[in-house]
Amino acid sequence: MLRYIYAEDLHNYPLLRDTMFRDRALQFQERLGWEVSVDEQGFETDQYDDVDLNPLYVIWERADGRHGGSMRFLPTTGRTMVNEHFLHVTDGTEIRSGLIWECTRFCLAPDADANVAGALMLAGGELMDRFALRHFVGVFDARMIRIYSRIGAKPTVLGTIGEGRDAISVGLWEFSAEAKELVAKRAGLNLGLSDHWFRQSFDLYQPRLAAIA
Amino acid sequence: MLWGFAVLMKTSLEAILERLEKSSALEEMQSVAESIRDHYGVSHLVYHWVSSNGEQYGCGTYSMEWVERYLEKEYLRVDPVIAGCYNKFHPVDWKQLDWSSKGARQFQKEAIEYGVGNQGYSIPIRGPNGQYALFTLSDDTSDADWAEFTEKNRRDLILLAHAMNEKALELEPGREGPPITSLSPREVEAITCLALGQSRAQAAQRLSISEHTLRVYIESARHKLGALNTTHAVARAMQRGIIVV
């Protein structure tokens, strides 16, 4: 299932949190060879995971409660990785707007099901649709572009730094309502279920079944 | 006749943003808040912000009695809107919040008695250096009507919320440094092309960037100019002499 969790609430999901940060270490340090920091517990985190910045994670939770894939969002009106580290890619333009969020650390578990990437993209479409956003600006490994294309969410690349193994790109995503349906279809999910997952995360008031019974 | 027509018309969002733009003191934001409330015909609008050094400011249309009551009873501790929005960044319909505790229910009952309304929509805003603000509309109406209203207006409300915040940042006492609204060379180029009447495709070609990239530069420039849409952004850039065509 898809979960939308702010950093300050991650402690409520210890298994999901720990497996996410470990999978991030596997993906970004071991598989992609990025220069990221991994602590003694094997967790990959950076300054943008800080609870003061309180990023929003979208996480695919597997049936056993473990991490299957995830990505991290921050509003571009506050601190972002793109504005602080990739200004040269945007010709010095600080991208700031209430209608643009930054998406970073798109990560898949090593043995993730084929539809997880698509499910995460669907979640991106939900965020954009419900919070009236126009774009996501993202930082991703250039080799991921192939995967994004396959799931129907190919970003426009603003620029790439480094080559081969070291290539990191900054790109943009846009979603229309139609694209959301297409992405859902390719991920083998229906929009009703996606709606249910979204509400489960964002509706803090949920009448309990027990109260009715 | 024409004059009569003009005064009957609601103030347009463009005109409201124009007034906001010209504001040179925090007090003037109060009348902007009232105009936004009247434009949408809702019960209240409140804009509240916490600066990077923890100082709080606000303007809005709640009655003095309610504001005093809120402060006196320290409702900040009980208010589900504060708990549900603080340090977050997605817009929240009050119905999504947890009003189930006894304290929250009592608070809600009183808020309705004091005319806040039974519905609300709050937009949290994150600014630079840990600055934080909350922009809220409230009204007394049915769930269905409120859902329709927020669905229809949420994007404009987000734009207004951020425009208020940009102004508040500009007016922040003791603020130093260059104006927040300065555009990057790329943004100036993008807006200039549009001002010259070029289509997005032509502008993108001229700047040797994708149309998608161009749209982001335009969106970012629109935000910095506190404009409602692209046309408005072009007009503002010309007014301010940021672009010359």
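In strand E2 of chain B, Tyr57(B) is the bridge partner of Trp49(B). The model is predicted, so local features are limited to pLDDT of at least 70 and side-chain atom pairs to pLDDT 80 or more, while totals for chains, interfaces and linings use all residues. Residues are numbered from 1 along each chain as its sequence is written, and chains are lettered from A and ligands numbered from 1 in the order in which they are written. Helices (H or I, at least four residues) and strands (E, at least two) are DSSP runs, numbered from the N terminus.

**Sheet of chain B**

- E1(B), residues 44-50, pairs with E2(B) in the antiparallel sense over five bridges; two strands count as paired if DSSP finds at least two bridges between them.
- The open sheet of chain B has five strands in the order E2-E1-E5-E4-E3, with antiparallel pairing.
- E2(B) (56-60) and E3(B) (92-93) are the edge strands; each has a single partner strand, so one side of each lacks a neighbour in the sheet.
- Helix H7(B) packs on this sheet and touches E1, E2, E3, E4 and E5 (132-139) of chain B.
- The direction of H7(B) makes about 35 degrees with that of E4(B); axes are lines fitted to C-alpha atoms, for helices over the stretch in contact, and angles run from 0 to 180 degrees between N-to-C directions.

**Domains of chain B**

- Chain B is divided into domain 1 (9-171) and domain 2 (185-239), with bounds that come from an automatic or database domain assignment.
- The C-alpha centres of domain 1 and domain 2 of chain B are 30 Å apart.
- Nine residues of domain 1 of chain B are in contact with four residues of domain 2 of chain B; contact requires C-beta atoms, placed from the backbone, within 7 Å.
- On the side of domain 1 of chain B that touches domain 2 of chain B, helix H2 (13-22) and H7 of chain B each supply at least two residues.
- H2(B) provides the largest share of that side, five residues.
- By class, that side of domain 1 has five nonpolar, one polar and three charged residues. Nonpolar covers Ala, Val, Leu, Ile, Met, Phe, Trp, Tyr, Cys and Pro, charged covers Asp, Glu, Lys and Arg, and polar covers the others, Gly among them.

**Interface between the chains**

- In the contact between the chains, 34 residues of chain B meet 29 residues of chain A.
- Strand E4 (119-126), helix H7 (143-171), helix H8 (185-195) and helix H10 (211-225) of chain B each give at least two residues to the side of chain B that touches chain A.
- H10(B) gives the most to that side, with eight residues.
- The side of chain B that touches chain A is made up of 12 nonpolar, 13 polar and nine charged residues.

**Overall form of chain A**

- Chain A has seven helices and seven strands, which follow the pattern β-α-β-β-α-β-α-β-α-β-β-α-α-α along the sequence.
- The radius of gyration of chain A is 17 Å, close to the 17 Å that the globule rule gives for 213 residues, so chain A is as compact as a globular protein of that length. The radius is taken over C-alpha atoms, and the rule is 2.2 Å times the number of residues to the power 0.38.
- The C-alpha trace of chain A spans about 60 × 40 × 35 Å along its principal axes.
- Of the contacts in chain A with a separation of 6 or more, 68% are between residues 24 or more positions apart.
- Buried residues make up 42% of the 213 residues in chain A. A residue is buried if 20 or more other C-beta atoms lie within 10 Å of its own, exposed if 12 or fewer, and partly exposed in between, with C-beta atoms placed from the backbone.

- Six of the six residues of E2(A) (residues 56-61) are buried, so the strand is largely enclosed by the rest of the structure.
- Leu56(A), Val58(A) and Trp60(A) point one way from E2(A), and Tyr57(A), Ile59(A) and Glu61(A) point the other way.
- E2(A) pairs in the antiparallel sense with E1(A) (residues 2-6) over five bridges, and Tyr6(A) stands opposite Leu56(A).
- E2(A) also pairs in the antiparallel sense with E3(A) (residues 67-75), over six bridges; here Glu61(A) stands opposite His67(A).
- The hairpin of E2(A) and E3(A) has five residues between the strands, and Gly65(A) takes a positive phi near 85 degrees.

**Phe136 of chain A**

- Phe136(A) lies in E5(A) (residues 135-141) and is buried, with 23 other C-beta atoms within 10 Å.
- Leaving aside neighbours within four places in sequence, Phe136(A) is in contact with Trp101(A), Cys103(A), Gly124(A), Leu172(A) and Trp173(A).
- Phe136(A) and Pro75(A) are 61 residues apart along the chain, and their C-alpha atoms are separated by 9.4 Å.

How values were computed:
Contact = placed C-beta atoms within 7 Å.
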